[in-house]
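My plan is to look things up one by one and write down what I find.

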Amino acid sequence: MKSRSSQLQNTLDLLVLRTLAGRGPLHGYAIVNHIQAVSDEELRVEEGSLYPALHRMESEGWVDAEWTVSETNRRVKLYRITAAGRKQLAREQESWERLSRAVGKVLRLA
Amino acid sequence: MTWRWRLRSLTTRRGVERDLDDELRSHIEMRAAELRAHGVCQADALREARRMFGNQAAVRESARDFHINRAVETFFQDARYGCRVLARQKGLALTAILTLALAIGANGAIFSAIEATLLRPLPFPHPEQLVFVWGRDAIHKRWSLSPADLEDFRKAGPFEAVAALQAQSVNLTGIEEPARVVGAFVSPEYFSILSVQAAMGRTFTSGEDDDRAPRAAVVGYSLWQGRFGGAPDILGRKLILNGDPYTIIGVLPRDFSPFRLKADVWLPSHVYPGYTRTRGQTCVLAIARLRAGFSSERAQQALNTVTAQLAHAYPESNRDRSATMVPLQDMVVEDIKPTLRALASAVACLLLIACANIANLLMSKAAGRRQEMSIRAALGAGRTRIVRQLLTESVLLAGAGALVGVAVAVALGRYIAQKAAGWPEEVRVELNWPVIGFLASTAVGAALLFGMAPALMARRSAAEGLRQRRDAGHTRLRNILAAGQVALAFVLLAGCGLMMESLRHLLHVDTGFDGSHVLTMEYRLPASRYSDPTRQARFHAEVVARVQALPGVEAAGIVRGLPFSGNGGMAEIGLPDRPATPASAPFTAQYNSATGTYFETVHIPLRAGRTFTSADNADAPRVVAVSESFVARYWPGKDALGRQVLIPNRDLSPDKPRLVAATVVGVVGNTRHDRLDEPDSPQIYIPYAQDPITFASLAVRTRGNPLDRVRDVERAMWSVDKDQPVWKIRTLESMVDASLGDRRVLLTLFAAFSALALFLAGLGLYGVMAYQVQRRTAEFGVRMAMGAAPRDILRMVLREGLALAAIGLLCGLAAAPLFARVLHAELFGVTAADPAVYAVLSAVLLLASALAVALPATRATRLDALAALRVE
């Protein structure tokens with residue numbers, strides 16, 4: 001059984017992987033901003049969770065990282081989703097959708 | 001984890017750290033830049049960006065923890081820190097390390113014994129194919145086999161080879177003083193079954209198992225080194241063995257340690273004095289190697305088929321005969337298995353007690369480290385990190401304990417191997433990799449066991465932070481641990497007490513004879529010069545006469561099997577005045593032959609009739625003496641004198657009857673023959689002169705110390721035959737005592753273990769109560785301020801401490817009988833739940849507990865009420 005915190009972790013992974021899959025290589029700060037913007041300011045990713053999560057996913061082989069220089073001439077670390085990451089994303093997305101469908105049904109019918 | 005990532009983090013640890021710092025800094029700068037874009041001033045923007053980011057250190061630590069070398073580094077950091085902590089608390093560290101060393105060492109010693117006996121394969125190729133083959137008949141479950149039957153076994157499917165073997169002492173003469181060496185009589189297959197090559201020369205070939213072949217001998221390494229000084233030209237030399245010359249054809253390798261055959265010289269099986277190819281006679285033991293792919297079950301089935309066929313073909317001799325195979329490995333260890341099981345349970349108990357003790361110790365210290373943990377938590381140490389830190393300290397303690405424990409294990413292992421006579425010689429206790437691995441894993445397991453509770457406790461205090469300074473509890477866990485220690489200590493104590501009581505009972509067993517002041521020795525006449533029974537009888541009679549004439553000698557007698565010598569056995573008898581029994585369950589009795597003087601020498605009382613005289617010789621009518629238990633079994637309430645008993649016929653020719661009639665002329669007392677705890681069995685004695693054999697045990701009752709007479713007795717023997725060696729020169733008393741040897745060793749070990757357990761349990765109680773008293777100082781202050789007398793406080797603390805002990809004791813009382821069942825084989829005259837033993841031990845335990853609690857209790861009474869109140 002998965003603990004509550006690991007479910008939260010999975011959700012964060014899902015958001016990050018989806019963002020990277022949709023927007024191409026991004027640095028951490030951009031990921032935070034993107035999720036915040038796309039969710040109409042509803043979701044605010046804590047930096048305290050994001051960087052550990054990124055490093056964890058890097059160690060799992062779901063993302064690759066690379067230092068480059070940004071358009072504002074800053075050294076930034078760009079994260080790129082890998083093939084394994086895409087598979088993981090598909091899995092996470094599938095289980096998330098199943099869950100939200102189920103919750104939706106309960107809300108409609110109960 | 002991907003290998004590339006792993007590799008990178010391994011190679012560039014500094015790089016990874018800088019990398020992360022850069023990343024976080026760039027994040028904050030980007031946030032600050034955005035804030036500035038929204039009009040926040042330069043200084044505020046950076047501060048705000050940092051604030052929004054939160055605890056950088058925590059993020060850094062959390063992210064970095066995914067790097068494996070980080071983990072290694074953490075361990076070393078924790079270890080360094082742990083060493084510093086332990087160095088500051090030398091008392092605690094030393095107590096814990098010493099306790100662990102004793103507990104882990106004891107476990108290591110017992111494990112090394114288990115490894116050497118149960119786990120390590122025998123030192124032969126494919127040891128799983130080696131089996132010992134026992135004969136079985138109506139009387140004996142494990143008996144010898146006939147060489148003729150072995151021939152048929154060889155033809156059966158399951159065996160690659162079957163070897164006959166037998167051991168007997170052999171007289172070695174032609175040197176300064178006649179000597180006794182141990183001879184092994186083996187058929188040529190023996191060496192190939194065990195895959196042994198001669199170190200020099202050769203072993204037997206198939207033709208040598210024959211009377212016509214020249215007499216050849218293979219000598220053991222130690223005989224070659226000892227008697228021949230390792231002479232390189234030993235091959236071809238002659239040895240005079242049992243009066244016959246043998247040519248030495250080979251020397252066995254030094255490390256050859258054959259199962260149950262610790263011999264000096266190896267001879268072909270057919271020269272064994274009792275050897276006969278007659279199918280009716282069983283005279284050899286056998287080992288065999290199973291063909292590859294034959295399970296022992298299938299092999300046993302095939303063997304059953306063969307023995308059934310033989311029973312059909314030769315009903316006269318083989319009707320009730322069968323054979324059983326026992327894996328050789330099992331044969332080596334079957335006797336010591338129960339002992340090892342008992343010891344293993346005891347040391348496991350001890351380890352648990354030690355762990356509970358150290359857990360309690362650490363927890364009382366951890367209470368003092370609450371502040372430290374809170375500060376570390378505030379400084380950004382993760383909770384897991386704090387748990388890991390404390391567990392690392394535990395592992396350090398256990399590791400140090402295990403290192404010292406190695407010395408304990410080696411010393412204890414040596415002691416056991418040296419003292420325990422029942423220890424198979426094949427197995428040597430040693431400090432090898434399995435044992436080291438066991439010690440290491442025990443240490444880690446123990447560390448987790450005793451380190452977990454304090455670590456989790458610290459984790460909680462770290463979470464609670466600096467807010468809460470009062471002890472929030474853990475009292476219950478600590479009480480449980482203390483009570484548990486008391487319970488386990490009682491279990492060990494009970495085992496020890498039951499064994500002690502058993503030994504006391506055994507020492508009071510009436511053996512039926514008086515072994516004090518009795519000197520004994522054994523000899524065997526060489527068959528080559530004493531083939532005639534009359535000559536044998538004459539020799540024995542002459543020896544008795546000359547020894548009895550010696551000054552300082554009160555009486556001397558000869559017997560075939562002395563009590564507690566391992567000699568002697570059961571024989572089939574017939575009772576004409578009783579209804580016949582089925583052939584598969586004949587009448588039996590413990591069979592012995594003796595001179596009349598033997599009974600007076602060892603003080604076996606005569607109850608009725610007479611013992612034997614010199615008139616009871618080979619030409620006289622056959623007579624026997626029977627024991628009281630014989631009468632009770634076969635003729636209860638009747639007069640035995642003058643009745644007829646059928647005893648085995650000495651003449652084994654096929655045309656002679658198996659049993660011959662003899663008249664009971666005397667009834668003597670029962671004796672214990674093999675063990676003090678054996679039940680009474682019917683015993684029958686035949687006059688030596690009517691049942692002469694080449695082997696004899698001489699018993700001599702002396703005035704003064706029996707061992708002072710040894711030279712005189714030997715000279716008396718050599719005055720009859722100068723070439724006759726004697727051996728096993730010892731007192732009868734020491735033989736009885738030796739039968740208790742293993743029991744004493746086991747009891748000594750148990751006594752040591754339970755004393756340690758009791759001490760640790762007391763220490764545990766003391767620790768818990770001392771902590772309680774310290775914690776409740778304020779409460780006691782209030783009580784005293786309100787008029788409680790010191791006596792009341794004393795009583796209160798004592799009551800609480802003893803309540804803990806009592807709970808432990810109750811649990812111990814419930815568990816002890818279960819544990820005592822493991823000791824089943826060691827118990828004599830007591831039950832596993834002997835009320836008297838349990839009562840005494842409960843008292844001992846409560847007394848020890850009271851002592852342990854008294855110290856903190858008296859300290860509580862000496863508190864100054866005002867000072868106590870000020871503590872808060």
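**Entry 1: terms and ground rules.** I start with a definition: helices (H or I, at least four residues) and strands (E, at least two) are DSSP runs, numbered from the N terminus. I also note that two strands pair if DSSP finds at least two bridges between them. This is a predicted model, in which local features need pLDDT of at least 70, side-chain atom pairs count only at pLDDT 80 or more, and totals for chains, interfaces and linings use all residues. Residues are numbered from 1 along each chain as its sequence is written, while chains are lettered from A and ligands numbered from 1 in the order in which they are written.

**Entry 2: confidence.** I looked up the scores next. The model has ipTM 0.80 and pTM 0.72. For each residue there is pLDDT, the predictor's confidence from 0 to 100. Chain B has a mean pLDDT of 85, with 90% of its residues at 70 or more. Which element of chain B has the lowest mean pLDDT? I found helix 1 (residues 3-11) of chain B, at 51. The highest mean in chain B, 96, belongs to strand 16 (residues 623-627).

**Entry 3: chain A.** I counted four helices and two strands in chain A. Their order along the sequence is α-α-α-β-β-α. The C-alpha trace of chain A spans about 55 × 30 × 25 Å along its principal axes.

I then checked burial. A residue is buried if 20 or more other C-beta atoms lie within 10 Å of its own, exposed if 12 or fewer, and partly exposed in between; C-beta atoms are placed from the backbone. Of the 110 residues in chain A, 28% are buried.

Helix 4 (residues 83-109) of chain A got a closer look. Its 27 residues reach 39 Å from first C-alpha to last, close to the 39 Å expected at 1.5 Å a residue. The expected span is 1.5 Å times one less than the number of residues. Is helix 4 of chain A largely in the open or largely enclosed? It lies largely in the open, because two of its 27 residues are buried.

**Entry 4: where the chains touch.** Two residues are in contact if their C-beta atoms, placed from the backbone, lie within 7 Å. Chain B gives 19 residues to the contact and chain A gives 17. On the side of chain B, helix 2 (13-37) and helix 4 (56-64) are the elements that give two or more residues. Helix 2 of chain B supplies the largest share, eight residues.

**Entry 5: strand 14 of chain B.** I followed strand 14 (residues 587-594) of chain B to its partners. Six of its eight residues are buried, so strand 14 is largely enclosed by the rest of the structure. With strand 13 (residues 569-573) of chain B it pairs in the antiparallel sense over five bridges. There, Gly569(B) has Tyr591(B) as its bridge partner. With strand 19 (residues 683-687) of chain B, strand 14 runs parallel, again joined by five bridges. Tyr591(B) stands opposite Ile684(B) in strand 19.

**Entry 6: strand 20 of chain B.** Why is strand 20 (residues 695-702) of chain B largely enclosed by the rest of the structure? Seven of its eight residues are buried. Strand 11 (residues 518-524) of chain B pairs with strand 20 in the antiparallel sense over seven bridges. In that pairing Thr520(B) stands opposite Ala699(B). Strand 12 (residues 553-559) of chain B also runs antiparallel to strand 20, with six bridges. Here Val553(B) faces Thr702(B).

**Entry 7: two loop residues.** I looked up positive phi values. His126(B) has a phi of about 45° although it is not a glycine. I found His126(B) in the loop between helix 6 (90-119) and strand 1 (130-136) of chain B. It counts as partly exposed, with 13 C-beta neighbours inside 10 Å. Phe564(B), also not a glycine, has a positive phi near 60°. This residue sits in the loop between strand 12 and strand 13 of chain B. Phe564(B) is buried, with 25 other C-beta atoms within 10 Å.

**Entry 8: helix 25 of chain B.** My last stop was helix 25 (residues 790-822) of chain B. Its 33 residues reach 47 Å from first C-alpha to last, close to the 48 Å expected at 1.5 Å a residue. Its buried residues include Ile793(B), Gly801(B) and Phe819(B).
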